[in-house]
Amino acid sequence: GEVLAVDLSGVTFLSSAGLSVLVQAHQKAEQVGCEVRIVTNSSTARVFQLTGLDTTLRLFGSLEEARA
């Protein structure tokens, strides 16, 4: 299926609204056989870990990894 890579490597703050949009995108993509891959940095990766979303969402350390 299709892959949407969301590059958050330059993001320093991720609000609950931003997390909600990413979760909704993930859910909608799964419904139609697509996949959302999220590129994180140390700041955003920590938010995903603290919320437990690192076990639900597909997280990557670089855009190259996410595209592979």
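Predicted model: local features only at pLDDT ≥ 70, side-chain atom pairs only at ≥ 80, totals over all residues.
Colleague: What share of the accessible surface of the chain belongs to carbon and sulfur atoms?

Modeller: The accessible surface of the chain comes to about 4,300 Å². The part of this surface that belongs to carbon and sulfur atoms is 52%.

Colleague: In what order do the elements of the chain run from the N terminus on?

Modeller: Helices (H or I, at least four residues) and strands (E, at least two) are DSSP runs, numbered from the N terminus. The chain has three helices and three strands. From the N terminus on, their order is β-α-β-α-β-α.

Colleague: What is the radius of gyration of the chain?

Modeller: This radius is taken over C-alpha atoms, and the globule rule is 2.2 Å times the number of residues to the power 0.38. For 68 residues the rule gives 11 Å, and the chain is close to that value, so it is as compact as a globular protein of that length. The radius of gyration of the chain is 11 Å.

Colleague: How far apart are the end C-alpha atoms of helix α1?

Modeller: The expected span of a helix is 1.5 Å times one less than its number of residues. Helix α1 holds 16 residues (residues 16-31), so it should span 22 Å.

Colleague: Which residues of α1 are buried, and what arc do they cover?

Modeller: Buried means under 20% relative accessible area, exposed over 50%, and partly exposed in between (1.4 Å probe, protein chains only). The buried residues of α1 are L19, L22, H26 and A29. They lie on the same side of α1, because the arc they cover around the axis, given by the directions from the helix axis to the C-beta atoms, is only 95°.

Colleague: Why can residues some places apart point the same way in an α-helix?

Modeller: An α-helix has 3.6 residues a turn. Residues therefore point the same way when their separation is three or four places.

Colleague: Against which elements do the buried residues of α2 pack?

Modeller: The buried residues of α2 are T44, A45 and F48. Down the axis of α2 they fall within an arc of 105°, so they line one face of the helix. The face turned away from this buried side carries the exposed residues S42 and L50. The buried residues themselves pack against α1, β2 and β3.

Colleague: With which residues is T40 in contact, leaving aside its neighbours within four places in sequence?

Modeller: T40 is found in the loop between β2 and α2. It is buried, with a relative accessible area of 10%. Contact means heavy atoms within 4.5 Å. With those neighbours left aside, T40 touches S9, A45, F48, L59, F60 and G61.

Colleague: Which residues do salt bridges that share partners join into one network?

Modeller: A salt bridge is a side-chain nitrogen of Lys or Arg within 4 Å of a carboxyl oxygen of Asp or Glu. R37 forms one with E35, the closest N and O atoms being 3.1 Å apart. R58 also forms one with E35, at 2.2 Å between the closest N and O atoms. The network consists of E35, R37 and R58.

Methods
Residues numbered from 1 in each chain as written. Heavy atoms only, no water. Areas by Shrake-Rupley, 256 points an atom, 1.4 Å probe, with all protein chains shown as cover.
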